[in-house]
Amino acid sequence: MVDKNWARTFVDAAKKADADAILVIGGFPCKGLSQARGASRENLENKDSKLFWDAVRVLREVRQAASGAFTVAFIVENVMMDPDPERTIGDNLQCRAVKVG
């Protein structure tokens with residue numbers, strides 16, 4: 001079972017370390033999103049790819065625990081995907097995807 005105060009503990013450790021910011025880095029399975037799967041994609045409904053929603057939760061909890069004391073930035077990695085799930089991801093993370101490489 002995960003400690004319900006994990007985000008507060010994390011932010012307190014950042015304060016103790018005199019951090020200037022918090023960077024959350026993550027990813028989630030691409031099985032349902034990859035264009036390489038052809039028309040059979042389930043997008044964010046895929047049992048693995050829907051772990052994206054946990055990334056949203058983690059980021060939200062860290063931001064709430066930081067309550068403005070830190071800049072909370074993030075990097076989320078995944079594959080090239082259809083416009084609809086890309087838009088959903090961007091809307092929920094309040095950003096737009098950037099292709100790297």
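Predicted model: local features only at pLDDT ≥ 70, side-chain atom pairs only at ≥ 80, totals over all residues.

Biologist: What is the volume of the largest pocket?

Modeller: The volume of the largest pocket is about 530 Å³.

Biologist: How many residues line the largest pocket, and which lie nearest its centre?

Modeller: The lining has 19 residues, and those nearest the centre are Val76, Glu77, Asn78, Ala97 and Val98. β2 (71-77) and α3 (83-93) each contribute at least two residues to this lining.

Biologist: How do the residues of that lining divide into nonpolar, polar and charged?

Modeller: In the lining of the largest pocket, 13 residues are nonpolar, 2 are polar and 4 are charged.

Biologist: And the second largest pocket, what is its volume?

Modeller: The second largest pocket has a volume of about 170 Å³. Its lining consists of 14 residues, with Val24, Gly26, Gly27, Ala55 and Val58 nearest the centre. Two or more residues of that lining come from each of β1 (21-27), α2 (52-66) and β2. By class, the lining of the second largest pocket holds 11 nonpolar, 2 polar and 1 charged residues.

Biologist: Turning to the strands, do β1 and β2 run parallel or antiparallel?

Modeller: β1 and β2 run parallel, joined by 7 bridges. As one of the pairings, Ile25 has Ile75 in β2 as its bridge partner.

Biologist: Is the β-α-β unit right-handed or left-handed?

Modeller: The unit made by β1, α2 and β2 is right-handed.

Biologist: Which residues of the largest nonpolar core touch the most other members?

Modeller: Those are Ile22, Phe52, Val72 and Ile89, in a core of 19 residues. α1 (6-16), β1, α2 and α3 each give two or more residues to this core. α2 supplies the largest share, 6 residues. As general background, nonpolar side chains in soluble globular proteins tend to be buried together.

Biologist: Now the backbone: what is the phi of Asn43?

Modeller: Asn43 is not a glycine, yet its phi is positive, near 55 degrees. Asn43 lies in the loop between β1 and α2. For context, most residues other than glycine have a negative phi.

Biologist: Where is Gln94 placed, and what is its phi?

Modeller: Gln94 sits in the segment after α3. Gln94 also is not a glycine, and its phi is positive, about 55 degrees.

Biologist: Why does Gln94 count as exposed?

Modeller: Gln94 counts as exposed because its relative accessibility is 69%, and the cut-off for exposed is over 50%.

Notes. Residues numbered from 1 in each chain as written. Heavy atoms only, no water. 1 Å grid on protein atoms, 1.4 Å probe; cavity = no way out; pocket = protein on both sides within 12 Å on 5 of 7 lines; lining within 4 Å. Points joined across faces, edges and corners; volume = space filled by probe spheres on them. Helix = DSSP H or I, 4+ residues; strand = E, 2+ residues; numbered from the N terminus. Nonpolar A, V, L, I, M, F, W, Y, C, P; charged D, E, K, R; others polar. Pairing = 2+ DSSP bridges. Right-handed = clockwise from strand over helix to strand, strands pointing away. Core = buried A, V, L, I, M, F, W, Y, C linked by side-chain atoms within 4.5 Å. Buried < 20%, exposed > 50% of the residue type's maximum accessible area, 1.4 Å probe, protein only.
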